Amino acid sequence: MDLTLSTSAFFSVSSSCSSPPCKLQTLDFPSNSIHFLGFKPHIHFNNTHTKIRVFLGFKLHCHSKSVSLPNKNLNKGKKKRYGGILPSVLRSLELDNDVENTLDTYHGKLNPKEQTVILKEQSNWDKALRIFKWFKSQEDYVPNVIHYNVVLRALGRSKKWDELRLCWIEMAKEGVFPTNNTYGMLVDVYGKSGLVKEALLWIKHMQLRGIFPDEVTMSTVVKVLKDAAEYDRADRFFKNWSVGKIELDDLDFDSSVDQEGISLKQFLLTELFRTGGRSNSSTNLGADVESRKPRLTATYNTLIDLYGKAGRLKDAARVFSDMLKDGVTLDTFTFNTMIFICGSQGCLSEAKALLDKMEERGISPDTKTYNIFLSLYARAGDIDAVVQCYKNIRELGLFPDNVTHRAVLKILSERNMVDEVESVIQEMEKLDKRIHESSLPLLAKMYVTAGLSEKAKFLVEKSQSYGGFSSKTYAAIIDVYAENGLWAEAESLFYSNTEGSGSVQKKDVLEYNVMIKAYGKGEQYDKAMALFRGMRTQGTWPDDCTYNSLIQMLAGADLVDNARDLLAEMQEAGLKATCSTFSAVIATFAKNKRLSDAVDLFQEMLQADVKPNEVVYGSLIDAFAEDGNFEEANRYLRVMEESGISANHIILTSMIKAYGKIGSVEGAKQMYEKMNKLDGGPDIVASNSMLNLYGELGMLSEAKLIYDYLREKNGVDGVTFATMMYVYKNMGMLDEAIEVAQEMKKSGLVRDCVTYTKVMACYATKGELVECGELLYEMVVKQKLIPDRGTFKVLYTVLKKGGIPSEAVRELETSYNEGRPFAKQAVITSVFSVVGLHAYALESCGNFTKEDVGFNSFAYNAAIRAYTAYGKIDEALKMYMRMQDEGLEPDIVTLINLVNCYGKAGMVEGVKRIHSQLKYGDIGPNESLYEAVIDAYKNANRHDLAQLVSQDMRLASEVRQFTDSEAEDPDEASLSQ
């Protein structure tokens, strides 16, 4: 079976027999395969379900199907207990820095083994060195390699390389020869300090002394190379060791410089390597042994980790199989690794079976075992199992470690499980454990997402009280606030980062950058600029990111001149603006029709050696296309293509627009055809542009072809429908326009003010006024959309077609244009009333008439009209009386509405009174009022009076025409002269 993986493995390994497993790292396995680690799967089928079991190379012999785990505590980490005088000596040394006087009291009482223990128990390298010197000063002291090994380890761990070299030289002078343990320890401390090649030089020195590495030393070398990602070299070293060879000829000892500036070759030739005897330097020091096989569990664990990280899972499986076959003891780490491998392949049942196998073999799972299961359950999306697994750690006598808490908080917070997260935090507090700062941004994001920003603030402040945290963490939390538009909260955290004395702590530039971002998201541009200008006074200098983000922010806010000035400042400071920064400023210039400024900045961009991308070219091409400057748009297209950038959908759409501006259908067609060669073909924007072009030119058949093509592809959008309605309307094909409008409504694309207005306009043109009213109600009442000026233009058309007097329409239109209170509501009420949707009209009327404020005449007129149309005469007359009470004189529209009201109520005397005023000149002659009186008499079944008024109306019209004719005679006479 062949496994091909490019990802690094996820194992944890111990470096020696006594060292605990190291931290787990990440491995991604192929999720679609159960063939892993070289084990053959045994798959059993039945008629209803398919069960997959993977045989791991040994019989598990476990019958438990639960996830129960042994209740064992390894009690690791406890200090060793010593007998005799050692506790007294160690306590005295811990309390008293006067090492020499303390040890003088124990002169002659310490044997070599006790001296070794005392050296090992020192955590401070300086104290260990002083104790060692005191031991050597004693007359009966006999130098031994064990003491030197302990001291060398202490110096190496503290990276005291000069002291280590001196100790090594002294060791040689004393005639103490290094052992395998010595070399293994030196390789370990140098490797852990990142000095990999220096570590391997010690193996070179072993060769010079004729010492062949034992298994522990070999395992240490493999671990150092593995940790340095030198997987092939580590594998090669192990295989050579297995056949008795040590080859380091492939190492380039001259290529690197160590931390103190000494080349590796010089290091090799120093006194460090010139001390001690020389012997056979052959690479075949161990050739007397035909084949060497590891015997230590730690070695196998190291190899499993090596092959796992290298993605060589078959080799990892082979090593595990060798452990079983050779009877090598399996430990907790071994099982942890195999559990993770099984779980990562989606075989959780096998992972649980391995857990039972641990119990069967008497190996206690540790906290890391459960940490692995936490990650596996999280990956499987089984959050209930994650929570239960976390609880099991405590229930089984183990203790969650920092990795556990970080993992479970991450898993739960990413899923916004607030209650569960707070339960974990409470338990941590009971254990006197603090939240690791790396978890804080995730927790803050969870709280902010849940609308609990105060809790996020409390959590952060509590963590700050423990001593604060790194700039990276501060920046990450501020960024959480920034992403959610909480600039004030971000600002509070930014300025809370202070020293113990209360003075503002010097902040990293990253903190400034995310705070500027927060101000930008909150549109606090002045604050962003003030913070930027104050950075230097606080000892922090802006970097490329600071300038680039601030310039882009200002450009996006249409503060293009500020952005332009800041860009010039950035270039003067020797910092390089990105293409995105130039693009943002150029795009804003282009949007604001400042084409000369956009072109000038484009030239600066070229001079700054910043290569424009398709966004920059697209901004310029589109701007010139909108401006009707086809030549410039086409020129930039050519320049772009000559630079090696192909036109994308956006640019080709802009060129369609440019060709449309000059009426070139053929040119637009060529651009549209080019899109057919792009991935996905023409997009909806380009198709709509072509549709609009055909519509503008009256090319109905071509427009219909594109419209039908988009419908077949289910690619139509609101613009498509609106454009096609416009095309049909302009061609006088109102029935077809209505069909498109109905289809648009059914598709659910009528959802904003613009689309509602376009559909209503289509219905209004056809005279289907009730449909207009229904759409208006849906728009303003159900969808809570606010009509714009374009909507009201359509509504005025509806009112005129609905038969409302022109005086009433003008009055409503004037009130809206002047922005008077309740003008919008008055228009909407009138529309509902005139189209016969009286229930909607009364609902709308009630919304503003219930206000305890005075109205202008137009509002009262709208209410009187609505109540009258619905037959609520009393309500109509109440509105008229309320109008009089407020001292408003009835205008011509009011009188028309009153006449209609009287007519519907059969109040002939009321109609006669207004007719009389009109007849005898108390009210100026008005055709609409005459017509209203005639209709009122008819509604009151007084056709005789209606006929008389008709005669009066004709007579008044003739008199008016005669008067107008006489008024014109003097002018005509003067013209004839």
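Apart from neighbours within four places in sequence, Thr723 is in contact with Leu691 and Asn692, where contact means heavy atoms within 4.5 Å. The model is predicted, so local features need pLDDT of at least 70 and side-chain atom pairs count only at pLDDT 80 or more, while totals for chains, interfaces and linings use all residues. Residues are numbered from 1 along each chain as its sequence is written, and side-chain values use heavy atoms, with hydrogens and water left out.

- Thr723 belongs to helix H37 (residues 718-730); helices are DSSP runs of H or I with at least four residues, numbered from the N terminus.
- Thr723 counts as buried because its relative accessibility is 10%, buried being under 20% relative accessible area with a 1.4 Å probe and protein chains only.
- Met570 is part of helix H28 (residues 560-572) and counts as buried at 0% relative accessibility.
- Residues up to four places away in sequence aside, Met570 touches Asp544, Tyr547, Asn548, Ile551, Leu575, Lys576 and Ala577.
- Between Met570 and Asp544 there are 8.1 Å in space, C-alpha to C-alpha, although they are 26 residues apart in sequence.

**Packing of H22 and H23**

- Helix H22 (residues 453-464) packs with helix H23 (residues 471-483) at an angle of about 170 degrees, and their axes are 12 Å apart; axes are lines fitted to C-alpha atoms over the stretch in contact, with angles from 0 to 180 degrees between N-to-C directions.
- The two helices, H22 and H23, are therefore roughly antiparallel, a term for angles over 145 degrees.
- H22 contributes Ser453, Ala456, Lys457, Val460 and Gln464 to the contact, and H23 contributes Tyr474, Ile477 and Tyr481.

**Helix H40**

- With 14 residues, helix H40 (residues 769-782) reaches 19 Å from its first C-alpha to its last, close to the 20 Å expected at 1.5 Å a residue; the expected span is 1.5 Å times one less than the number of residues.
- Among the buried residues of H40 are Leu769, Cys772, Tyr777 and Glu778.
- Lys784, which follows H40, has a positive phi near 55 degrees.

**Cysteines**

- A search of the whole structure finds zero disulfides, a disulfide being a pair of cysteine sulfur atoms within 2.5 Å.
- Cys762 is in no disulfide, and the nearest cysteine sulfur, that of Cys772, is 9.0 Å away.
- Cys762 is buried, with a relative accessible area of 1%, and Cys845 counts as buried at 0% relative accessibility.

How values were computed: Buried means under 20% relative accessible area, exposed over 50%, partly exposed in between (1.4 Å probe, protein chains only). Angles under 35 degrees count as roughly parallel, over 145 as roughly antiparallel, 65 to 115 as roughly perpendicular and the rest as oblique.
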